[in-house]
Amino acid sequence: MSDQPRVPADQKTDTVLSMLRTMRLIRDFEEAAGKALQDGHVRGSVHQYTGQEAIATGVCHHLQQHDFVSSHHRGHGHAIAKGVSVAKMMRELFGRQGGTSDGKGGSMHIADFSLGMLGANGVVPDGVTIAVGAAQALKMQGRPGVVVAFFGDGAMNRGPLFEAFNWAKLFDLPVLFVCEDNGYSVTLQTRNVTAGPPAIERVKAFGIPTRSINGNNVQTVEQAAGEMIEHVRAGSGPCFLHATTYRWYGHLAHDKALYRDPVEVAQGKKDDCVLHAENWLQAQGVSSSQLLQLRDESLAQVAAAVDEALGAPWPEAGSAFTDVQDLGATP
Ligand SMILES: Cc1ncc(C[n+]2csc(CCOP(=O)(O)OP(=O)(O)O)c2C)c(N)n1
Ligand SMILES: [Mg+2]
């Protein structure tokens, strides 16, 4: 894997514009989701992905519809980057009919199998073991496609993650592990609960190729993920991408994160992936009015999703007993 740019200069601007559109949509969705929770429209939890948008965006830029992603509790960004409808997602958060799971899943269970979104997951790190299972299925069935497993730095201290690494490497499965290292596990700084050398060293022990990058630069993510996905797609086995970033808000939307130093938070917000992409685009000659238009379109799309969700019907009571368990295909 080289440090050479993968995309010719003339295509770069379009690529970054397209990725900025996705990052904006994620950011605006998260702002609206946080507000909806405060306004009492969302029952359950909302874990905002704000600040981390470049990672889902840069990685999913390389995925096709037949590829899969699995996610964790902070999963809205992964779903949006994989192409899930923000209108359906908002309905899901609001518990309404027409949501991705007809309102029965909520924020931590957003899934859309038709688009390869295997689901958010509240159990750390069970999205990863599911991803490895999906990769095993692809390999056994001889189907094309790769699986990307997104998880946080907190997951690096959970045992099932290491079972997943072991299994994936043993069978050289088509899976990319993406660790989004925002430095925190709920209220703890992950480094304070992690023994030994940096956690990425543990992954190297499995013989899995690793790379550590700045996750707040969407172009850096896009390039590194592109190279790793190429490796995985070629059948050469799993890779591990470690991307550093910062979680702008509390662990949950109603966590005020008083355990964090305000100076650190301000510094984290300054290192803004959206702003970095906009600055880069402006340096390439993209006008500020074009950037404003892009922002307005994204805000309008999210506002429409909120209005639609507010007006959507509640699920019928009887639907609580449907679609809640998949007993498998009939023989
Ligand atoms: C098995 C299990 N143990 C504990 C929890 C409680 N919990 C929720 S999120 C989390 C860690 C979050 O840190 P990280 O994985 O870094 O993700 P981040 O929230 O930073 O995105 C924990 C311990 C859980 N959901 N599942
Ligand atoms: Mg974390």
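This is a predicted model: local features need pLDDT of at least 70, side-chain atom pairs count only at pLDDT 80 or more; totals for chains, interfaces and linings use all residues.

Visitor: How many residues surround ligand 1?
Guide: There are 15 residues around ligand 1, and the closest are Arg74, Val124, Gly152, Gly154 and Ser185.

Visitor: And how do the residues of that shell divide?
Guide: The shell around ligand 1 has 5 nonpolar, 7 polar and 3 charged residues.

Visitor: Now the helices. At what angle do the axes of α4 and α11 cross?
Guide: Helix α4 (residues 86-93) and helix α11 (residues 288-311) cross at roughly 45°, and their axes come within 8 Å. That angle makes α4 oblique to α11. The crossing is right-handed.

Visitor: Which residues make the contact?
Guide: From α4 they are Val86, Ala87, Met90 and Arg91, while α11 contributes Gln301, Val302, Ala305, Val306, Glu308 and Ala309. By type, this contact of α4 with α11 comprises 7 nonpolar, 1 polar and 2 charged residues.

Visitor: One more thing: is histidine 76 buried or exposed?
Guide: Histidine 76 is buried, because it has 29 C-beta neighbours inside 10 Å, and a residue counts as buried at 20 or more. Histidine 76 belongs to helix α3 (residues 76-81).

Visitor: What is histidine 76 in contact with?
Guide: Beyond its neighbours within four places in sequence, histidine 76 contacts Ile26, Phe29, Glu30, Ala33, Tyr49, Met89 and Ile110.

Definitions and conventions
Residues are numbered from 1 along each chain as its sequence is written. Chains are lettered from A and ligands numbered from 1 in the order in which they are written. Axes are lines fitted to C-alpha atoms, for helices over the stretch in contact, and angles run from 0 to 180 degrees between N-to-C directions. Helices (H or I, at least four residues) and strands (E, at least two) are DSSP runs, numbered from the N terminus. Angles under 35 degrees count as roughly parallel, over 145 as roughly antiparallel, 65 to 115 as roughly perpendicular and the rest as oblique. A crossing is left-handed if the near helix is turned anticlockwise from the far one by less than a right angle, and right-handed if clockwise. Two residues are in contact if their C-beta atoms, placed from the backbone, lie within 7 Å. Ala, Val, Leu, Ile, Met, Phe, Trp, Tyr, Cys and Pro count as nonpolar, Asp, Glu, Lys and Arg as charged, and the others, Gly among them, as polar. A residue is near a molecule or strand if its C-beta atom, placed from the backbone, lies within 6 Å of it. A residue is buried if 20 or more other C-beta atoms lie within 10 Å of its own, exposed if 12 or fewer, and partly exposed in between; C-beta atoms are placed from the backbone.
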